[in-house]
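Please examine the structure shown here alongside the explanation that follows.

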Amino acid sequence: MKSTFRIFLLLSFSGTSFRLMAGNDGFSYGPRSMGTGQISTLFTDVWAAHNNIGSLGWLKRGGVAASFENRYNSSAFNQIAFAAATTPGKYGAFGFGASRFGSDLFNQTRAQAGWAKVFGIASIGIQGQWYQVQAAEFPARNHFILSFGGLAKLTPKVSFAASISNITQTKASDFQNEKLPTIAKAGVSYNPVKSVLLLAEVQKDLDQKALVKAGIEYEIRTNLWLRTGFTTGIQLATGGIAFKWRDLQLDYSVSNHPQLGWSQGIGLQMILGKEKTTSSGAVKTADSEK
Amino acid sequence: MMKRILFLLLVLASVGKMNAQTYPRPEIQVEDFIEKLFNLQSSDANYEDLYEQMLLLYSNPIDLNNATPEELRNTYILSEQQVQQLLRHRQKTGRLLSIYELQSVPSFDLQTIYSLLPFAVVNEVPQNQDNKGLLTRIREASNNSLIVRTTRTLEEQKGYTDALPDPDGELPKRYLGDKNKLFARYRINHTKDFSLGFTTEKDPGEKVMWSPSQKVYGMDFWSAHLLLENRGIFKKIVFGDYQFMFGQGLVYSAGFAVGKGAEPVNTVRRSSLGLRPYTSVLEGMFFRGAGATMAVKNLEITVLASQKFVDGNIQSSTDTLDTDVSEDFASSINITGFHRTQTELASKHSNKETMLTVAAVYKEPTGRYEFGVLGTTLKYEIPIIRRPSIYNQFDFNGNQNQNLSVSGQYNYQNFSFFGEAAMSKGGGHAAVAGLVGSLGRGIDVSMVVRDYSRDYHAFYSNGFGEATRNVNEQGIYWGLKYRFHPKWQAAVYYDRFRFPYLSFQSDGPSGGQEYLGRLTYTPSKTASIFIQYRDETKLRNLSGNTGKTDILTPTHRQNWVIQADAKANTWLSFRTRVQGSRWYQERGVPARYGISLSQDLNFDLGKVSISNRFSLFDTDDYNTRQYLYEKNVLYAFSIPALYGRGTRVYSLIQYSPNRKFDIWFRIARTFQKDQKTIGSALEEINANHKTDVVVQLRYNF
């Protein structure tokens, strides 16, 4: 009972003046996003299968990834996620993801599949997601969510990305005709020198105030990255570290919310695919150099 | 390419007059620096103090051949990378031959060099002491300088009018003295050798009199110092008035601290400059007595002893049981330094503060890291007992405080890490840690985290933070500066903070966030333009709330500035500045707006230079007031906070007939046609204008 109350309390913070993203909506996936202030649209790694399907088109080599996240030191807010993607080829790239957030009392389960391809300087992607919400003794609700995304490399150093999740505004419940949140994100990344990646993103939930996020990723040594960033509004402060050994990458991130406290995330990525030369292979990014 | 050509020209020019590093040191545009370093549109800090401190710092240019890394950083101009590369350059190629050599130091771009020039010199020969005695050296030193200044408001202020008895036959308060402000400063110094000087001041309304019983000896404030450097094992010995800076300023900061501003990287780190003479007139932030720093190999040990009188209103309380026993106490320490009325004069020097400090700093010879510890005790003769309120109940009460502190810094590649942790008597703690670094050419970042408990006490602290005192605050700050083109620079910061306990105007745990962005375009050496936006959100009590319970409400304060500078030719320059602000509280209170426009017109005619400004301001209320940085006579400041509707003009004339004399004259007038009076209480003027006049004379001998 105590934990039920705690969940209620934490979720109800979504109504305070400095809001928490309600439930799990709007959060990004993977420790890299977590460490850079929840930037999600701009990374062209395997986690794009969760964060912005469009960015997946720029993936250099396919692979698999897994992450575990604990929020606010409560086991009720654990999240486990998996992602997999194919190396982009003639028919583009295919990405798959699955995640589960919450505990037995309240949980959200998602599974999705998507496709993305680069056309000239821009990629676009489309994704379908099965989404299940289960709260205590109530019957589970199942939904289908459709999302779009894309990433354009305006110059070799500047990228622009955008995504819209739940474009169909799927109904969550007949009660008061409640809709699942529709969230649009748009971001810009800038790669001033090889070792530095600057990121900024705006996130707008139809029913919430817009959030501005900013992050920085710095390769302090070859294959060793430091990250930090923040999300305004809900005032998340984040940081992270990543280490890559051959085709294996380990990521760790922390995040702090002023009222709710600390969150941690850890993840592992493995690159499996072979590099293919595509028509867009000439354009380099911070990701493609890893 | 342009840079190379310019460099060649500069080299040729320097060959032409090899005998001196005679690049003329440009005039210091102090108001520009202040404007950039301080976020004046924001909090309610005492800007005048900060300004005076900055002036002090900038009035003594650093010698690039001798400057320590700390001194280089303390200019707030050089990035960590530039500091490191200049040191490396000095190590590798020896002393700089002239200021022009800066161009050959990697990562020094022209913009940086131009910014640095007013604050730096290159001395070709080491300035060692010669064999003459100290007195001879003082007598022979060539940089004696005496400044005398008088300031006066022309309109009659209420404090100077005749006091008519009220119905009870009591005379209302009036100022004792005349309306002139008088100031004089004499200083003679020789870098790394000695410094000797005195300062005296009388504020408007203070009476010049000889009255030891009232602790007035002619002028109201006197200060003097003698600093000796590099005497045997003594690195510094100071007698008289001095300041001390240690670590990140959590215990002793000497007031030099600047915080969040349009310079988001170089200002977040405090420079621990150690012992410094005090030459200013702020009657609070210094020590009086003696201090010495001894250098034993790489260990620097500093011992300080100080005893000075401070102001405070002394009251007596009677023991509740034994009515014959009464105890004196002071409700606060007053640092304004005003002794104009009978009441203010009565509280002058009514309490005695005694301070003893020992500090040790180990400095690794190559400068890679340093580590320091400090212990200090401070005692008031008469205990301080504050009027109890809910939000001050963890403040200092009593007559004795002790602090212990450890601080350190570590340099790794182009990064500098720094931190300090301190505690005070009773268990209060404060900690701050951060980094500044260069990620690549032209990209500088900073980060600071801090945690100050509500019961931490240190009277001379000024560490990084949102609030003016280092108590009851937690926060994390990010800063980024990027010169993405030789002519373009972007600067941003974001700060998130939390006040876990009640604070001023917040009757509950609160917090907020703040960010600032500034984009500067410098198309040429003679023109620049910038645009800046700042937004602060804090939880504050809802204003105009008539209910019994205060409601914390997100309160927004937004400011924007656009400023353009242009130098038309050798003798004419312009500046246009437009700035505005918006203030509002969520849940109902409508937004208030303020705006101001200023146009400057400056003439530089050789021996005479004239600066003029016309400003116009229109604000809805005091919350949207406009701070305008104005030029003033050397070592004086002027940052009026303008609100309401009106105009402000000033004109400043500097005449330098020869090397020995400089004369300044300044007149400034605020005109508010809708107002019947200006100012409040004893400062009130029964007119819709206020005119201030300043005359200053400097004699170099």
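Predicted model: local features only at pLDDT ≥ 70, side-chain atom pairs only at ≥ 80, totals over all residues.

In chain B, strand 12 (residues 299-310) and strand 15 (residues 351-363) run antiparallel and are joined by twelve bridges.

Strands 15 and 16 of chain B form a hairpin, with five residues between them. Within that turn, B:Gly367 has a positive phi of about 80°.

Strand 1 (residues 63-71) of chain A pairs with strand 2 (residues 78-85) of chain A in the antiparallel sense, over eight bridges. In this pairing, A:Ala66 has A:Phe82 of strand 2 as its bridge partner. The hairpin made by strand 1 and strand 2 of chain A has six residues between the strands, and A:Tyr72 takes a positive phi near 55° there. Strand 1 of chain A pairs with strand 16 (residues 261-271) of chain A as well, antiparallel and over nine bridges.

Individual residues of chain B may now be considered. B:Gln654 is part of strand 31 (residues 645-655) of chain B. Is B:Gln654 buried or exposed? B:Gln654 counts as buried because its relative accessibility is 15%, and the limit for a buried residue is under 20%. The side chain of B:Gln654 makes a polar contact, at 3.5 Å, with the side chain of B:Trp664.

B:Ala67 lies in a loop of chain B, between strand 1 (62-63) and helix 4 (69-73). With a relative accessible area of 2%, B:Ala67 is therefore buried. Leaving aside residues up to four places away in sequence, B:Ala67 touches B:Ile62, B:Leu72 and B:Arg90. From B:Ala67 to B:Ala120 there are 53 residues in sequence, and the C-alpha atoms of the two are 9.5 Å apart in space.

B:Asp507 is likewise found in a loop, the one between strand 22 (488-499) and strand 23 (510-524) of chain B. Its relative accessibility is 41%, so B:Asp507 counts as partly exposed. B:Asp507 touches B:Leu502, B:Asn541, B:Asp550 and B:Leu552, when residues up to four places away in sequence are not counted. B:Leu552 is 45 residues from B:Asp507 in sequence, while the C-alpha atoms of the pair are 7.2 Å apart.

The final topic is the interface of the two chains. How many residues of chain A are in contact with chain B? There are 26 of them, in contact with 24 residues of chain B. Together, chain A and chain B bury about 1900 Å², of which 65% is on carbon and sulfur atoms. Nine residue pairs are in polar contact across this interface, and one salt bridge is found there. That salt bridge links B:Glu586 with A:Lys209, whose closest N and O atoms are 3.2 Å apart. On the side of chain A that touches chain B, the elements giving two or more residues are strand 11 (196-205), strand 12 (211-221), strand 13 (224-231), strand 14 (236-245) and strand 15 (248-257) of chain A. By class, this side of chain A has 13 nonpolar, eleven polar and two charged residues.

Notes. Residues numbered from 1 in each chain as written. Chains lettered and ligands numbered in written order. Heavy atoms only, no water. Helix = DSSP H or I, 4+ residues; strand = E, 2+ residues; numbered from the N terminus. Buried < 20%, exposed > 50% of the residue type's maximum accessible area, 1.4 Å probe, protein only. Polar contact = N/O pair within 3.5 Å; in protein donor to acceptor, adjacent residues only side chain to side chain. Pairing = 2+ DSSP bridges. Contact = heavy atoms within 4.5 Å. Buried area = accessible area lost by both parts, 1.4 Å probe. Salt bridge = Lys/Arg side-chain N within 4 Å of Asp/Glu carboxyl O. Nonpolar A, V, L, I, M, F, W, Y, C, P; charged D, E, K, R; others polar.
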